[in-house]
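Q: I would like to read this model feature by feature. Where should we begin?

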Amino acid sequence: MLLAGLVWMLSATNTALADTAPFAIAIHGGAGTIDRDKLQGELRQRYETKLLEALDAGYRLLDQGESSQAAVIAAIQVLEDSPLFNAGKGAVYTYEGRHELDASLMDGATLQAGAVAGVKTVSSPIALAKAVMDNSPHVLLSGEGAEAFAAEQGFTPVSNDYFDTEDRYQSLLRAKQKLEQEQDASKDFRASYEDLPERYRMGTVGAVALDQQGNLAAGTSTGGMTAKRFGRVGDSPIIGAGTYADNTSCAVSATGHGEYFIRYHVAADICARVKYQGASLADASDTVINQVLKDAGGSGGIIAMDPSGNIAMPFNTVGMYRASRSSDGSRQVAIFE
């Protein structure tokens, strides 16, 4: 009887530990020059409400025991469906007046990843990134090839004007006017883009999550840079730059001036500092965003999570749309410092 009692107690203890395994999710809706004076009242409430909707969509799945991948995708799809954010429905315009979308997803347990770049007819690029991960031998598909793969996978295409919004169109007109003025003055195509205000170079959505099985995942989706040309691709679909996840270190989704995030391998660098230097998630994230990246002239931010469910969300811009929720009861939504 005593042995049976001990076995029952151990079993009950293990069950209790399993029931209390930490899980959490963090999301972002982009970083950059966010005008505090204009983002007031009803408009600010709309952003906060949508962030919370996305957060809760992912958290609900984690609470039900679903995977971190499923939670990341669910959260991102809420943001992709909103014209408030530069992803999916609210994607910015290219210089030619079209939309080209990018996304990536990574699994921390297996280091499997899927990504797409420059897609024009896929309403949920993050869903297509998942299909690339699961159903192709490749990591990154682009353009017409990615869309052909989407058709084979049963995705229903949408017209490119599905992503049209008046606010983004007006932003394109202003950006083109500035670019043309700068280029006429300097005759320097590269410098004219570097001189664009931050708001034209940024805008991304993403999520990181830890599930009850202890697995991390990260995902990122974007419409890219306003007035981008020549099939430009930023950091969002680049594994290690805009997205990274590894159960032995952390999961990261980035937002900012993508060229810098690519050059400095931002997402993977943060996880490498955690894994090989033994740095805390907070210290590694802060060092990369507010020292390495900022010193190089790069602007933006990240959301990150470690295997214990610790969360870091540093940024070196005026603001970053962000929110997080953990099984310990903590929940927050924020925009500014």
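**Reading a predicted fold**

A: Begin where a helix stops: α2 is followed by G65, whose phi is positive, near 90°. Residues are numbered from 1 along each chain as its sequence is written. The model is predicted, so local features need pLDDT of at least 70, side-chain atom pairs count only at pLDDT 80 or more, totals for chains, interfaces and linings use all residues, and side-chain values use heavy atoms, with hydrogens and water left out.

Q: How many helices and strands does the protein have?
A: Helices (H or I, at least four residues) and strands (E, at least two) are DSSP runs, numbered from the N terminus. The protein has eleven helices and twelve strands.

Q: What span should helix α2 have?
A: The expected span is 1.5 Å times one less than the number of residues. Helix α2 covers residues 41-63, 23 residues, so it should span 33 Å. Its end C-alpha atoms are 32 Å apart, which agrees.

Q: Which residues of α2 are buried?
A: Buried means under 20% relative accessible area, exposed over 50%, partly exposed in between (1.4 Å probe, protein chains only). An α-helix has 3.6 residues a turn, so residues three or four places apart point the same way. In α2 the buried set includes Y47, L51, A54, L55, Y59 and L62.

Q: What do the buried residues of α2 pack against?
A: Think in contacts: heavy atoms within 4.5 Å. The partners are β1 (24-32), α3 (68-80), β5 (205-210), β11 (319-326) and β12 (331-336).

Q: And across the whole protein, what share of residues counts as buried?
A: Of 337 residues, 53%. Take contacts between residues at least 6 apart in sequence: 69% join residues at least 24 apart.

Q: Which residues does the "binding site" annotation cover?
A: UniProt positions are given in the numbering used here, feature names are shortened, and annotations may be inferred rather than shown by experiment. The unreviewed UniProt entry lists R232, V233, G234, D235, T255, G256, H257 and G258.

Q: Is D235 buried or exposed?
A: D235 is buried, with a relative accessible area of 3%. Its place is the loop between β6 and β7. Leaving aside neighbours within four places in sequence, D235 contacts A241, G242, A254, G256, G258, F261 and I262.

Q: What does V233 count as?
A: V233 is partly exposed, at 31% relative accessibility. V233 lies in the loop between β6 (216-222) and β7 (243-245). Beyond neighbours within four places in sequence, V233 touches D102, A117 and I262.
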